[in-house]
Every structure is written in structure tokens, then in C-alpha cells.
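Q: I am new to this structure and would like a close look at a single part of it. Please take me through that part step by step.

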Amino acid sequence: QVQLEESGGGLVQAGGSLRLSCAASGNIVSIDTMAWYRQAQGKQRDLVAVIIGRGNTNYGDSVKGRFAISRDNAKNTAYLQMNSLKPEDTAVYYCYVSAKVSGGNYRNSWGQGTQVTVSS
């Protein structure tokens with residue numbers, strides 16, 4: 001089993017910054033993919049940013065140049081630095097991890113979500 005603990009959400013004014021963290025724990029052998037998704041009220045869940053393997057990253061078009069994803073492999077933790085926040089960034093942000101666990105299987109896990117609200 002893999003557990004994810006997210007933190008860092010909150011209320012911020014437009015133009016401000018927030019940093020989200022996602023710490024993975026459990027019977028983890030290695031982590032392949034760590035990602036952030038978000039879901040605004042009434043909308044589908046969309047990819048925000050993903051970091052794979054040794055550090056290849058990809059971003060949703062709406063956050064390119066403003067958000068940065070990183071990871072600390074020693075801590076099994078992913079971060080999402082969000083700058084120049086806009087009201088349309090308001091959503092619940094979910095962490096996603098694909099990890100190899102004891103026994104050789106892979107587990108895909110989701111965090112519980114953290115609310116980010118950007119006021120205009």
C-alpha cells in the first residue's frame with residue numbers, strides 16, 4: 001500500500017504563490033511517476049504537471065511558465081511551486097503517484113486533495 005499526504009493548499013490573492021507538497025509512504029521500493037492533477041467545481045480532473053523517472057517533466061498548457069514540479073527522491077516527496085496564480089487556478093489539487101512496492105507490483109495512488117483558492 002502507498003499512502004499520500006498532501007499539504008500547502010489555501011487561499012491566496014491573484015498574482016501570489018503557493019507551494020504544494022505530496023509525501024508518499026508505505027512499502028515503496030521506487031517511484032516512477034509523481035504528478036499533480038486538479039479539478040475545478042463542475043469540471044473534469046485535468047493534469048497540471050508530471051515528473052517521471054530521473055526528472056522529465058511535462059505541464060498542462062494553462063500552467064506552463066508559472067508552475068514548476070520537482071521531487072525529492074530521498075523523501076519520496078513531490079512539490080508543485082505555483083507562481084502568478086490566477087482565479088482560474090482555483091480547484092482541488094490531487095497528487096498522483098505510481099510506485100513499485102514490495103513484492104514487485106506497481107501501485108497507482110491518489111491523494112485526498114487539497115483546496116487552492118485564488119481570489120481576484
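Is Tyr96 buried or exposed, and why?

A: The model is predicted. Tyr96 counts as buried because its relative accessibility is 16%, and the cut-off for buried is under 20%.

The ring of Tyr96 has a partner. Tyr96 and Trp110 form an aromatic pair, with 5.1 Å from centre to centre. Their planes stand at 55° to each other, and the pair is tilted. It links distant parts of the chain: Tyr96 belongs to strand 9, residues 91-101, while Trp110 belongs to strand 10, residues 106-110. The two residues are 14 apart. Trp110 is partly exposed, at a relative accessible area of 41%.

This pair is one of 3 aromatic pairs in the structure. Ring pairs also bring in Tyr37, which joins Tyr96 and Trp110 in a cluster.

Strand 9 also holds Cys95. Cys95 forms a disulfide with Cys22, and their sulfur atoms are 2.0 Å apart. A disulfide is a covalent bond between the sulfur atoms of two cysteines. The link again joins distant parts of the chain, as Cys22 sits in strand 3, residues 18-26, and is 73 residues from Cys95. Both Cys22 and Cys95 are buried. The torsion about their S-S bond is about -80°, so the disulfide is left-handed. A search of the whole structure finds 1 disulfide.

Tyrosine rings also meet charged side chains. Arg45 lies over the face of Tyr94, at 3.7 Å from the ring centre. Arg19 lies over the face of Tyr79, at 4.1 Å from the ring centre.

Methods
Residues numbered from 1 in each chain as written. Predicted model: local features only at pLDDT ≥ 70, side-chain atom pairs only at ≥ 80, totals over all residues. Heavy atoms only, no water. Phe/Tyr/Trp six-rings, centres within 6.5 Å; stacked < 30°, edge-to-face > 60°. Helix = DSSP H or I, 4+ residues; strand = E, 2+ residues; numbered from the N terminus. Buried < 20%, exposed > 50% of the residue type's maximum accessible area, 1.4 Å probe, protein only. Lys NZ or Arg CZ within 6 Å of the ring centre and 35° of its normal. Disulfide = S-S within 2.5 Å.
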